[in-house]
Structures are given as structure tokens and as C-alpha cells.
Amino acid sequence: MRCRLFNLPRHGMVRAQHMRNSFLRVVALLGGATIVSIPSPAQPAADSPARGITVDSGGEAKMEFVLIPAGTFRLGAENSRPDEKPVTTVTISQPFYLGKYEVTQEQWQSVMGTNPAYYKGTNFPVEQVSWNAAQGFLTNLNERVKSYRFRLPSEAEWEYACRAGTSTEYSFGDGDTALPEYGWFTGNGERKTHPVGEKKPNPWGLYDMHGNVWEWCQDWYAPYPGGQVTDPTGPPTGSTIVMRGGSWSHGARDLWSSYRFGRFNRDFPFRSVGFRVVAVPVAK
């Protein structure tokens, strides 16, 4: 398998540095996530990770990933449901790559040789896949591509990436007026999934973090610990798995960055549930 890396062109680096500095100032003023470590577009270190990677998953299918920087944020929300409290200060200690899009039917087909989706379409998100089935996909992908270890995101990693430095209800702000520009839900979903990447991305370049299909996380569903924690992964055992992001079949409130859903067990597939993948470079 081949892995292709890509970086910002030289002519865009100075502008990117200016945007980065402005972003960090805004985050500080608004009390959003504190970015602990992020590669500098203007002067990247020789051993710094690429800001995006593309991995061949088999055949013509490729998977794009976005670099998520290390940092600290507040998991959950005070003005929300009881299971989104207590708000917990979480540190993500290491950068990681997260799928730019939800896993598509083409990608699933290339890795698994089947297509379980109810709403068929090459670039539509795969759905009707249980948590266990997603683990099977990851096992096969890890056997094919040895330079990265692929897994589901932890719940904390998912919310951190969704928020992308924000502390508002959605990654684009408070209130759902602009939600149709960023996600598919009951207000515009027409009772079905849609091709990935048709809506606007969040500030870190991730698409469909709000809506389209629910996304499996790695964690068992459980109360938040509160206080300050580093790289939490949930309890060692449980009965149901966390899903995030909302879907075409759910309302605007279910698409909040903090909203969590934990009613399905590991072998339950449904046509509004899919997933996205984390890629971690394998140490040489």
C-alpha cells in the first residue's frame, strides 16, 4: 500500500501563519480550546508531521486524514443534558490524524468486499455497520497499511476535533440558523444520507461532524469523571457504546458538539450510524 503526504504550497504558508496567529488570539479571547502543540506552517520542523495524509485503502479508494493538534479543551456543556456533565477539562497529549470525511461505501467495499449500506452511493457514508463491524474494517485496514495504526476515536478525541478550538454549541457558533450550511439533519436531510463533504467543514477542515450519520467512538458509554484528565478512553467495560455527531434522522439539538448518544450495544447496526477513523503513525 502507498501513502501520499501533502503540505501547504509555499505561496500559502505566510498567509496560513497569519491565520493561525489570528485564530489563537481569538481562541484566547473567547475561552476556547488551548492549543498546546501545532506545527507552524511558516517554518515546519524537519521531523514535524504532515498536515494531511492520504492512504490507499485498496483499489482506487483512498482515505484522507487531517492532522489534529495536541491541546486542552472542556468536554461537555454546562447548559445541556445531565450526561454532558460534569464538564471535564481534557488534555489531548499527542497530535493524531482524523478522517477528513466519514468512511464511505467505496472505502468499505475496497477493504471488506461488501456494501451493507441501505442508502447506496459510492461517496455516501457507509451505514448499517455495528461497532463490531467497524472493528473488522479497522483490523483489515491495519493488515493492509503498516505505516499507520487505525482505530476509532475516543469520545474525548471526537469532541475535541469537532469543536476545533471552539466552546460554542456547534463548531460554527451558537444557534442553529447556519446549521443547514454545515450538516444534514431532519431540517434538510430528506430522510436519507448524503455524499460526504457537501457541506462546509469545521475550522480544522473536517466535514460532516454535525449530522449525516452518527459516528461510533471507541469508548463505552459512561458518566464523565469531572476535574482534569489526560487522554481519557472511558471505562474498561460497559453495556453500550458512545456515538457522536447526530444524523440525517435527528434534530438540530442532537448535532451539538457536546451531544452524546449511548443506547446501542456493540453489535447493533442502523441506517443512520457510520464512523470515521483515526490514523496514528507507527514509530520506526
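**Reading the salt bridges**

User: In this predicted model, R81 and E84 join their side chains in a salt bridge, 3.6 Å from N to O. Is E84 buried or exposed?

Analyst: For burial, look at the relative accessible area, where under 20% counts as buried. E84 is buried, because its relative accessible area is 0%. R81 has 27%, so R81 is partly exposed.

User: And how should I read R74, which salt-bridges to E78? What relative accessibility does R74 have?

Analyst: Treat each partner separately. R74 sits at 45% relative accessibility, so it's partly exposed. E78 comes out at 53%, over the 50% cut-off, so E78 counts as exposed. Their closest N and O atoms are 3.8 Å apart.

User: Where in the chain do E159 and R244 lie?

Analyst: With a pair like this, check the distance to start with, then the sequence positions. E159 and R244 form a salt bridge at 2.7 Å, N to O. This one links distant parts of the chain: E159 belongs to helix α4 (residues 155-163) and R244 to strand β11 (residues 241-244), 85 residues apart. Both E159 and R244 are buried.

User: Which residues are linked with them in a network of salt bridges?

Analyst: The network holds E155, E159, R163, R244 and R260. Across the whole structure, a search turns up 13 salt bridges.

User: What pLDDT does the protein average?

Analyst: The average is 87, and 83% of the residues score at least 70. Residues 1-46 have pLDDT below 50, though this stretch makes 77 contacts in the model beyond near neighbours in sequence.

Technical notes
Residues numbered from 1 in each chain as written. Predicted model: local features only at pLDDT ≥ 70, side-chain atom pairs only at ≥ 80, totals over all residues. Heavy atoms only, no water. pLDDT = per-residue confidence, 0-100. Contact = heavy atoms within 4.5 Å. Salt bridge = Lys/Arg side-chain N within 4 Å of Asp/Glu carboxyl O. Buried < 20%, exposed > 50% of the residue type's maximum accessible area, 1.4 Å probe, protein only. Helix = DSSP H or I, 4+ residues; strand = E, 2+ residues; numbered from the N terminus.
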